[in-house]
Amino acid sequence: MDAPAVSVDARAKRATGPIVLLGAPGAGKGTQAKLIAAHFGIPQISTGDLLRDHVRRNTPLGQQAQAIMGRGELVPDQLVCGMVEQRLAEKDCEQGFILDGFPRTVAQAQWLDGRLQAGLLRGKPAEKVPLLVIDIAIDYALLVQRLTARRTCPQCGAIYNLQSNPPHKAGVCDLDGANLITRKDDQEAVIVERLKTYERETLPLTNYYQQRGALRRIDGAGTVEQIAQAVRDLLERRGS
Ligand SMILES: [Zn+2]
C-alpha cells in the first residue's frame with residue numbers, strides 16, 4: 001500500500017461520496033475495498049462484518065438475525081438494510097463510504113437510492129456526490145485459471161497459488177513438507193458453478209445501475225496494484 005496517510009490528508013476536503021463495489025468471487029473485491037478505504041480515508045462497510053458485529057454486541061438487530069440464521073434461513077432485506085442504515089448514519093460516513101457486499105439485490109439497490117435521495121447521510125458534502133458503482137470485471141476463464149491454481153497444505157492450512165505464490169518445491173508445503181492438495185472448493189466444476197450463481201444473481205443489479213448511468217467497469221485482469229490505480233483514477237477524475 002502506498003502511503004495512505006499523505007493521500008488522506010490531501011483529499012480530506014473532498015468527498016468521495018457513496019461507492020458500491022461489485023465483483024465476482026476471486027476478482028479481488030475485498031482487497032480493493034480495503035485499499036480504496038485506506039487511500040481516501042473513508043470507511044469500508046461490509047454487511048458480513050456488520051452482521052457479525054451486531055451478533056457479537058447482542059443488539060436487537062443481532063438477536064433477530066441470529067434467530068433467523070439459527071433456523072437456517074437467509075437474513076431478510078429489511079434486517080440487512082436496517083443495519084446498513086444505522087451504520088451510514090455514523091459520523092465517519094459524512095465524506096463518503098464504500099459498500100462491500102451490499103446491495104446484493106435490486107430491492108436493496110432501490111432502498112439505498114431512496115435513502116440517499118432522502119438525505120440519509122449526516123454530512124452534506126457526500127450527499128451532493130452521486131452514487132458510483134464500480135464493477136471489477138474479469139474474464140471468467142481467467143478467474144477459473146486463477147482460482148484452480150490454489151493449493152492447500154492439509155497439515156498446516158497454508159495456501160499457495162501455482163501462478164502467484166508457488167511453493168519452493170512443486171507439490172510440497174514449504175513449512176512442513178506435506179503433499180499439497182486441491183480443496184473441493186477450488187476444483188474447476190465447483191468454481192464454475194459458483195461463478196454462474198454469481199452471474200445470475202448479480203446481472204439484474206448491474207443492469208439496474210447501468211440504466212441509471214452509475215456503473216463503471218474496471219478491468220480486473222491486472223495485478224492488485226494496477227486495479228487499485230484504475231479505481232483511484234476513476235474516483236479522482238469524478239471528484240474534481
Ligand atoms: Zn504445511
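Reader: Which residue of E4 does leucine 21 stand opposite?

Author: Leucine 21 stands opposite isoleucine 134 in E4. Strands (E, at least two residues) and helices (H or I, at least four) are DSSP runs, numbered from the N terminus. The model is a predicted one, in which local features need pLDDT of at least 70, side-chain atom pairs count only at pLDDT 80 or more, and totals for chains, interfaces and linings use all residues. Numbering starts from 1 along each chain as its sequence is written.

Reader: Why is E1 called largely enclosed?

Author: A residue is buried if 20 or more other C-beta atoms lie within 10 Å of its own, exposed if 12 or fewer, and partly exposed in between, with C-beta atoms placed from the backbone. Seven of the seven residues of E1 (residues 17-23) are buried, so the strand is largely enclosed by the rest of the structure. In the chain, buried residues make up 29% of the 240 residues.

Reader: Why is threonine 223 called exposed?

Author: Threonine 223 has 10 other C-beta atoms within 10 Å, and because the limit for exposed is 12 or fewer, the residue is exposed. Threonine 223 lies in the loop between E7 and helix H10 (224-239). Its C-alpha atom is separated by 9.7 Å from that of glycine 28, 195 residues apart along the chain.

Reader: Which strands stand at the edges of the sheet, and why?

Author: The open sheet has five strands in the order E2-E3-E1-E4-E7, with parallel pairing. E2 and strand E7 (215-219) each have a single partner strand, so one side of each is left without a neighbour in the sheet. From one strand to the next, the twist averages 25 degrees. E2 runs parallel to E3, joined by three bridges, and serine 46 has aspartate 100 in E3 as its bridge partner.

Reader: Why is H3 described as roughly perpendicular to H4?

Author: Helix H3 (residues 47-57) and helix H4 (residues 60-70) pack at an angle of about 105 degrees, with their axes 7 Å apart. Axes are lines fitted to C-alpha atoms, for helices over the stretch in contact, and angles run from 0 to 180 degrees between N-to-C directions. Angles of 65 to 115 degrees count as roughly perpendicular, under 35 as roughly parallel, over 145 as roughly antiparallel and the rest as oblique. H3 is therefore roughly perpendicular to H4. Residues are in contact if their C-beta atoms, placed from the backbone, lie within 7 Å; the contact is made by Leu51, His54, Val55 and Arg57 of H3 and Leu61, Gly62, Ala65 and Gln66 of H4.

Reader: How do you know that the buried residues of H3 are on the same side?

Author: Thr47, Leu50, Leu51 and His54 of H3 are buried. They cover an arc of only 100 degrees around the axis, which puts them on the same side of H3; the arc is that of the directions from the helix axis to the C-beta atoms. On the other side of H3, Gly48 and Arg56 are exposed.

Key. Contact = placed C-beta atoms within 7 Å. Pairing = 2+ DSSP bridges.
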